[in-house]
Amino acid sequence: MNQQVFIVDDDCAVRDSISLWLSCHDYQTACFEDAVQFSQQFNVDMRGCIIADIRMPGMDGFELQAHLHNIGCQLPLIFITGHGTVPMAVEAMRKGALDYLRKPVDEQQLLHKVAEAFALDQAHAMETQKFASLTRRERQVAELVVEGLANKVIAADLNISERTVEVHRSNVMRKLEAKTVAGLVKAYLLSSHAEHGN
Amino acid sequence: MTQLTDTHNNADDGLQTLFKNLPGMAYRCLNLPHWPMSFVSEGCETLCGYQSQELESQSILWGDFTHRHDVAEVDRQVRAAADLGQPFEVEYRIVPRTGPHKWVWERGRVVDRLKDGTAVIEGFITDITSLRHAERLVGEQREQLAHVERLNTLGEMTAAIAHELNQPLTAIAMYSTSAKLLAQQGQTDQLIVVMDKLAQQSYRAGAVIERMQTMSYQSSHQQDHVNPTDLLREIKDLAEIEAQIRHFTIDLQLPQYLPLISCDAIQIQQVILNLLRNGMQAMQTSACAEGSAIILSAQVREDQLWIKVTDQGTGIEEAMADKLFLAFASNKHTDKAAGMGLGLTIGKAIIEAHGGRLNYRNLSPQGAEFSFNLGIAGQGST
């Protein structure tokens with residue numbers, strides 16, 4: 001699925017103008033007038049990022065963020081708000097928002113953030129794809145390696161030979177493009193997080 | 001016979017002493033233009049600087065030094081009362097022989113009629129200049145305090161107003177940079193549409209500022225004839241800025257027609273704004289559902305316009321009820337936007353200065369209702 005910018009704001013003019021500005025830069029956009037409408041239409045195949053207002057009737061921006069997290073949405077989230085406070089910004093970032101922009105939003109900054117969000121989303125998608133290419137056995141091995149177990153212990157756990165564990169382990173390293181165990185752990189966490197989310 | 005004259009003289013002396021000690025001037029006059037006097041008591045000279053003989057000989061008439069702006073109105077009121085045979089009370093200015101003008105209060109009634117029907121009036125006139133000055137001073141101070149409170153209210157509404165302004169400003173920023181790109185790409189058709197949207201958004205921002213401005217003005221401290229429908233709609237628009245942020249609605253309930261009222265529009269709007277904001281805060285504190293309405297209504301009853309604000313909050317606690325209208329008493333301590341607790345005190349003073357009363361009652365099962373009355377223009381005393 002193509003990457004899209006999902007704009008969630010209860011103000012019609014704000015939605016429309018942001019959509020126009022991004023369209024002028026060849027982004028595809030979709031507008032939603034409240035968080036409920038967006039979360040109803042959300043599906044896990046959606047790629048791109050979300051731009052959401054914080055103060056909205058019904059479900060507000062933070063509630064949307066929590067809801068999306070619960071249903072495993074990985075789309076990067078950019079908050080825009082008309083009267084943000086520092087504590088609100090901190091809360092938004094702590095909960096994993098990509099950024100928190102104050103209205104009136106600097107249009108260049110918004111473009112940069114959307115580009116950044118798309119790159120992040122792309123990386124997520126690739127990691128997910130890599131993880132999906134692992135066999136069931138390879139996943140089991142990867143999981144135990146990440147837990148810090150030695151090959152001998154893994155072999156005993158899975159009731160296979162140590163040599164077989166070594167083969168699976170090198171396949172996992174290759175498929176997830178990891179050069180060290182630390183790299184494997186990082187790749188595993190990123191991709192499995194995305195995977196488990198789904 | 002001698003005895004009788006003595007008694008009469010004694011009575012006369014007593015009357016003279018009484019007149020002398022009066023804080024003003026007693027008189028008898030004819031209800032003719034400029035009121036020729038046939039008798040004035042001694043207080044005359046203190047009051048207007050002319051001697052009683054000057055007035056009694058009619059070398060100068062009372063109306064000659066009644067303030068030229070007031071003379072017609074006094075004449076109208078005295079004539080109206082005389083025709084009905086009722087006593088009258090009037091307040092007006094006179095220009096004494098020396099010094100600045102004075103405010104006087106006069107009460108009189110028809111005691112007799114000449115053969116041609118001309119009314120003979122007896123009455124009493126006293127100097128109320130210092131009272132008037134004091135009243136004006138109180139009025140000015142009330143307005144100064146009210147103005148400070150209005151600015152304070154605007155300060156408290158800053159967040160809501162900023163939000164309301166930032167929406168169109170965001171749209172303007174996005175539309176205008178987009179317009180530049182469209183122009184560079186020669187997409188004229190789309191450009192024209194965007195230009196229209198740009199204009200709409202700047203009007204929208206302008207309207208927000210216009211709504212605020214009313215509250216920032218210093219009142220002229222004058223009562224004008226005002227259309228209550230316009231007054232209520234304007235203040236509803238301003239309060240709505242805050243209602244939107246709290247996710248409440250304001251339900252304005254007006255009859256088809258309301259008569260003009262005589263009031264200081266800015267001050268009355270201030271009172272209503274304060275009541276609406278109090279109500280919304282109460283509704284937020286008691287966790288009213290999003291979209292709940294606070295009702296602003298008006299109706300005419302017994303020659304008075306009654307304006308009512310009904311919220312769905314928790315109502316006024318019994319402990320608060322006694323000191324509700326006292327300064328610095330506030331049951332909004334949980335709300336950061338609580339302000340100084342002066343709103344209701346000033347509101348009460350404003351309404352009372354308009355000759356009305358500010359009342360409240362708790363509603364069952366929940367909510368509070370604040371109401372006040374204002375005189376309809378052109379009725380009762382002018």
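Visitor: How many salt bridges are counted between chain B and chain A?
Guide: This is a predicted model. A salt bridge requires a side-chain nitrogen of Lys or Arg within 4 Å of a carboxyl oxygen of Asp or Glu. Between chain B and chain A, the count is 2 salt bridges.

Visitor: Which residue of chain A forms a salt bridge with K197(B), and what is the distance between the closest N and O atoms?
Guide: The cut-off for such a pair is 4 Å. K197(B) pairs with D16(A), and their closest N and O atoms are separated by 2.7 Å.

Visitor: Which helix gives the largest share of the side of chain B that touches chain A?
Guide: Two helices of chain B, α6 (158–184) and α7 (188–216), each contribute at least two residues to that side. The largest share amounts to 15 residues, and its source is α6(B).

Visitor: What is the class make-up of the side of chain B that touches chain A?
Guide: Chain B brings 24 residues to the contact, and chain A brings 22 residues. Sorted by class, the side of chain B holds 3 charged, 10 polar and 11 nonpolar residues.

Visitor: What area is buried between chain B and chain A, and which residues of chain B lose the most?
Guide: About 2000 Å² is buried between the two chains, with carbon and sulfur atoms giving 60% of that area. On the side of chain B, 27% of the buried area belongs together to the residues that lose the most: Q167(B), T170(B) and M174(B).

Visitor: How far apart are the C-alpha centres of domain 1 and domain 2 of chain A?
Guide: Chain A is assigned domain 1 (3–123) and domain 2 (133–197). The separation of their C-alpha centres is 35 Å.

How values were computed: Residues numbered from 1 in each chain as written. Chains lettered and ligands numbered in written order. Predicted model: local features only at pLDDT ≥ 70, side-chain atom pairs only at ≥ 80, totals over all residues. Heavy atoms only, no water. Contact = heavy atoms within 4.5 Å. Buried area = accessible area lost by both parts, 1.4 Å probe. Helix = DSSP H or I, 4+ residues; strand = E, 2+ residues; numbered from the N terminus. Nonpolar A, V, L, I, M, F, W, Y, C, P; charged D, E, K, R; others polar. Domains from an automatic or database assignment.
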